[in-house]
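Biologist: I have a structure open and want to learn how to read it. Can we go through it feature by feature?

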Amino acid sequence: MQLTNRSKQVSNTEMTFSESLYLPAILNGMAITFKHMFKKEATVRFPDQDRPIAPVYRGQHVLKRDENGAERCTACGLCAVACPAEAITMEAAERKKGEETLYREEKYAAVYEINMLRCIFCGLCEEACPKEAIFLTDRIVSAEDLREDFIYGKSKLVEDTQHRVDVTRRQTEEVLEFKHDKSKYHNQTHEDGKDIIHPWKH
Ligand code: SF4
Ligand code: SF4
């Protein structure tokens, strides 16, 4: 049975004297190796050397805090619904009196988990989020030995107030243009340090 049409007839002709010495073939191979020594390396010495990545590279997620340090996520579940890999799970809770500095909205995610083994880093959760709470970043998900270590909870996802995660590189011109379209208010909650007053809240 022929699986491909790339079959090649094997030659059974006798080797010439120079071929039987193998020297020309060895020298030819060494010449090719030598030539490549002066070419730009095609490989990157990761992890010692950083690989160049696109500004909108989709790596490990971050759950953002607002400018006052309160969690932006309101546990609306839109990211989980948008996720094609069903990688996101969450449990919502009501904000209690006195927790205004912890949670931006009256409802928040008491539990928020992403299964990094299921995630395909498509970025649809980021696009679906109406609160600009979840972003993918240029951080790489680290290798683990145990499957359960790939379930990232809030301790790994929510940004540390002391080490903010800069997502401004993801705000490409196209994204900013989209956000400045006032007919798409639902995609933006915050601009220039001030809350946007949504038209339907009047
Ligand atoms: S990046 Fe895609 S697959 Fe991963 S959690 Fe977000 S929506 Fe799901
Ligand atoms: S991250 Fe955004 S879309 Fe997901 S639950 Fe929180 S507010 Fe909703």
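Biologist: Where is Glu86 placed?

Modeller: Glu86 sits in the loop between helix 3 and strand 2. Keep in mind that this is a predicted model.

Biologist: How do I read the backbone there?

Modeller: Start with the general rule. Most residues other than glycine have a negative phi, and most peptide bonds are trans. Glu86 is not a glycine, yet its phi is positive, about 50°. Ala75 is another non-glycine with a positive phi, about 55°. Ala75 lies in the loop between strand 1 and helix 3. As for peptide bonds, the one from Phe46 to Pro47 is cis, with omega near 5°. Pro47 is in the loop between helix 2 (23-37) and strand 1.

Biologist: Is Glu86 buried or exposed? And Ala75, buried or exposed?

Modeller: Count C-beta neighbours inside 10 Å. A residue with 20 or more is buried, and one with 12 or fewer is exposed. Glu86 has 11, so it counts as exposed. Ala75 has 23, so it counts as buried. Glu67 has 8 and therefore counts as exposed. Glu67 is in the loop between strand 1 and helix 3 (78-82). Over the protein chain, buried residues make up 15% of 202.

Biologist: How do I read a sheet?

Modeller: Strands of a sheet pair through backbone hydrogen bonds, either parallel or antiparallel. Here, an open sheet of three strands runs in the order 2-3-5, with antiparallel pairing. Strand 2 (88-94) and strand 5 (151-152) are at the edges with a single partner strand each, so one side of each has no neighbour in the sheet. Strand 2 pairs with strand 3 (residues 107-115) over seven bridges. For a specific pair, take Met90, whose bridge partner in strand 3 is Tyr112.

Biologist: What about the nonpolar core?

Modeller: In soluble globular proteins, nonpolar side chains tend to be buried together. The largest nonpolar core here has 20 residues. Those touching the most other members are Leu63, Cys73, Cys79, Ile88, Cys125 and Ile134. Strand 1 (61-63), strand 3 and strand 4 (134-136) each supply at least two residues. Strand 3 gives the most, with four.

Biologist: Which residues does Ile88 contact, leaving aside neighbours within four places in sequence?

Modeller: Ile88 contacts Cys79, Ala80, Cys83, Ile114 and Cys125.

Biologist: How do I judge sequence separation?

Modeller: Look at contacts in the protein chain between residues at least 6 apart in sequence. Of these, 71% join residues at least 24 apart. Glu67 and Thr161 show how separation in sequence and in space can be set side by side. They are 94 residues apart in sequence and 9.5 Å apart in space, C-alpha to C-alpha.

Biologist: Where should I be careful?

Modeller: Where pLDDT is low, the predicted coordinates should not be read in detail. The protein chain averages 86, and 88% of the residues score at least 70. Confidence is highest in strand 5, at a mean of 98, and lowest in strand 6 (residues 190-191), at 50. Over residues 195-202, pLDDT stays under 50.

Definitions and conventions
Residues are numbered from 1 along each chain as its sequence is written. Chains are lettered from A and ligands numbered from 1 in the order in which they are written. This is a predicted model: local features need pLDDT of at least 70, side-chain atom pairs count only at pLDDT 80 or more; totals for chains, interfaces and linings use all residues. Two residues are in contact if their C-beta atoms, placed from the backbone, lie within 7 Å. Two strands pair if DSSP finds at least two bridges between them. A nonpolar core is a set of buried Ala, Val, Leu, Ile, Met, Phe, Trp, Tyr and Cys residues joined through C-beta atoms within 7 Å. pLDDT is the predictor's confidence in each residue, from 0 to 100.
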